[in-house]
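Trainee: I am new to this structure and would like to learn how to read it. Could you walk me through it?

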Amino acid sequence: MDFLNALVVFLNFVFIPAAAYGAQLALGALGVTLIYGILRFSNFAHGDTMAFGTATVILLTWGLQAIGITAGPLPTALIALPFGIALTALLVLGTDRAVYKFYRRQKAAPIILVMASVGVMFVMNGLTRLLIGVDEYRFDDGARFIMDVRTFREMTGLPEGLALRSTQALTLVVAVIVVVVLFWFLNRTKSGKAMRAYSDNEDLALLSGIDPERVVRLTWIIAAGLATIAGTLYGLDKSFKAFNYFQILLPIFAAAIVGGLGNPVGAIAGGFLVAFSEVAVTYPWVKVVGYLAPWYEPGGLMQLLGTEYKFAVSFVILIVVLLFRPTGLFRGKSV
Amino acid sequence: MRKLLLATAAGALMAGAAGAEDIKLGISLGFTGPLESLAPAMQQGAEMAMKEVSESGLLLDGTTVTPVTGDSTCIDAAAATATVERLIASEGVKGIIGGMCSGETIASLENVAKANGIVMISPSATSPALSTIEDDGLFFRTSPSDARQGEVMADILMERGVETVAVTYTNNDYGKGLADSFEAAYEEKGGTVTVNSAHDDGKADYSAEVAALAAAGGDALVVAGYVDQGGSGVVRAALDTGAFDTFVFPDGMVGTALETNFGTEIDGSFGQNPAAEGEGRDKYLSMAEEAGFDGSGAFSAEAYDAAALIMLAMAKAGSTDPASYKGSIMDVANEPGEKILPGELSKALEIINGGGDVDYVGATAVEMVGAGESAGSYREIQFTDGKIEVVGYR
């Protein structure tokens, strides 16, 4: 019984939140890693691409709700999502035309492209705020819970409760689907193979007749899709505020680098690693330990770091990996 | 330098002489910053009192009062200091209604007002630190100290039989001051605070903060935050994970936004916010409506009272010199004397000019205690069927 209580507390406060957060980070990190692998620069504008994508999805959701279309128990945002992706793809393709194409033709050093992406980041920052404003928005509708605390307590008779929000479950399901489709695309289709060839060796790819501009366009469209999906899931699960998408850039980069930049499997592993570390390091374990080892009285909260230091965890992981294994856990390209 | 000092002293003496003149009063409030939405109604409250006095023509043989506003920004102490410096040095104000937030008020009081000997009455700075500050008798406030709110909140909890609570506060002077004064008062009365931890405003997700609070446990969660900010986020995360289902809300959290955000989910939760009941408040609200603004805005009535107190004290002392009228503020605010409600400032001036005593009650039932701050009355509220219900005043 005590073991079950400990398990429920662990699931409720550590596992479920960290898994959902990890899936959101993983999707964001996939976009970053894809651009790094194929276009060969770290795209600092990725967080704000997520914000822009989410903002368009929110506006479309409001539109759909106004004309009476909803998705029943699921959030209406899911219907708006494909249109949001299309709009965001148009924006990033336009940005590529206007900014990055010039530097690519110049064969500019990656650091110049990185700096250009910082500029793009600020412009998108402003664009998102013009579009939707700086306030906090909640846009989840439909059923809020798959399992809420009260029902769980009544069902099991345990004193501890377990909640599973529908947005958390949705995040995990959508993330799995997206990852499966992405890997199928990269490994099985001709365009995917062309992208990987271009990533491995640009000159050889050119010689075998691969159209580089087409690969670049495809990469941006996929990155826009990943960014919009990750941003929308994050916003559904928590809430949308433009500034938070700027802050989430750090854990996303930590995830991509930990996994190995340019390596999609690494991005996913990195996302979950960063999320679980953040939650586990700032979680006070006193309650779990209290159930498992009732004879042991720790006298404190058994919390390694205050919750204020959550972001510091990503920094530490980032520094440790860069010092000891610069290519990341899954052997990406070195930074 | 000596010449300048002499000139200033001479100027002050001349200004202190009675006789019809036109004086200026400064209004230093956070017209930009995190409380910018409250500032306009406060300014209008203070200006309404000045207009009332000027039109009566009874202050010191027909002295008229003109407001001069300045932006204190609420969070930038340097900007607030510069604003108050400007009001005193280049506008020559005889007293200041302000500042708005505690940190900024402390800075401008210590750096400028004290050095120049100018009276400041703040309508809204509630930090306990201002009760004990060295102010040369120049600082007053028409709002109560948060130390008092901590006491009131502890009383309410003990009366309801809640003896262990977790506390989370917004990470600034207001949140920390309130949480600490509450913890001290509550533990003195025999309650236990399991954890007293900060949360930062403006984050997307408070599940980690709530996990820590839940691990510490408690019968209720005290949320000393802002309803439009992290406070609501904490409550949302606590409800979702089933960590707490009873909440205690101090003044920053009590607002209609709670009803729209949570509805019946927080039934049984309770709290308090400063609000006087009675005739004075009703009268102020209708006066404000006539003047075309919303008098029920937080601290608007307090601003009216702050301005009124300065002018009545001037009349009482027979001088517009802060050095002489600063001693009269407590006299006009407290008993004995005729009770004065808002809108009766001309009556008060008549009594004072005739040599009588007044006890200014005003819009917020002003009663000055200690070093010149409002004793403060609070409204106890409770959630029933998703609505805020007033259950009493204390």
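Mentor: Gladly! Let us begin with a term: two strands count as paired if DSSP finds at least two bridges between them. Keep in mind that this is a predicted model.

Trainee: Which residue stands opposite Glu380(B) in β16(B)?

Mentor: That is Gly392(B). Strand β15 (residues 378-384) of chain B, paired with β16(B), runs antiparallel to β16(B), and six bridges join the two.

Trainee: What holds strands together in general, and in which senses can they pair?

Mentor: Strands of a sheet pair through backbone hydrogen bonds, in either the parallel or the antiparallel sense. In chain B you can find an open sheet of seven strands with mixed pairing, in the order β7-β6-β8-β9-β10-β15-β16.

Trainee: Which strands stand at the edges of that sheet?

Mentor: They are β7 (192-199) and β16 (387-393) of chain B; each has a single partner strand, so one side of each is left without a neighbour in the sheet. On average, neighbouring strands here are turned by 25° against each other, direction ignored.

Trainee: Which helices lie across strands of chain B?

Mentor: Among them is α7(B), which lies across β6 (164-170), β7 and β8 (220-224) of chain B and runs at about 170° to β7(B). Another is helix α8 (residues 230-240) of chain B, lying across β6, β7, β8 and β9 (247-249) at about 160° to β8(B).

Trainee: Now to another strand: are the faces of β3(B) covered or open?

Mentor: Both faces of strand β3 (residues 95-98) of chain B are covered, with Gly95(B) and Ile97(B) buried on one side and Ile96(B) and Gly98(B) buried on the other. Follow Ile96(B): its bridge partners include Gly26(B) and Met120(B) in β4(B). From β3(B) the chain crosses through helix α4 (residues 102-116) of chain B to β4(B), a right-handed β-α-β crossover.

Trainee: How many residues does each chain bring to the contact between A and B?

Mentor: Chain B brings 16 residues and chain A brings 23. Helix α7 (residues 207-216) of chain B gives the most to chain B's side, with eight residues. By class, that side has eight nonpolar, four polar and four charged residues.

Trainee: And what is the make-up of chain A in secondary structure?

Mentor: Chain A has 14 helices and two strands. Its radius of gyration is 21 Å, close to the 20 Å that the globule rule gives for 335 residues, so chain A is as compact as a globular protein of that length. Buried residues make up 44% of chain A.

Terms used: Residues numbered from 1 in each chain as written. Chains lettered and ligands numbered in written order. Predicted model: local features only at pLDDT ≥ 70, side-chain atom pairs only at ≥ 80, totals over all residues. Contact = placed C-beta atoms within 7 Å. Helix = DSSP H or I, 4+ residues; strand = E, 2+ residues; numbered from the N terminus. Nonpolar A, V, L, I, M, F, W, Y, C, P; charged D, E, K, R; others polar. Rg over C-alpha atoms; globule rule 2.2 N^0.38 Å. Buried ≥ 20, exposed ≤ 12 C-beta atoms within 10 Å, placed from the backbone. Right-handed = clockwise from strand over helix to strand, strands pointing away. Axes fitted to C-alpha atoms, helices over the stretch in contact; angles between N-to-C directions.
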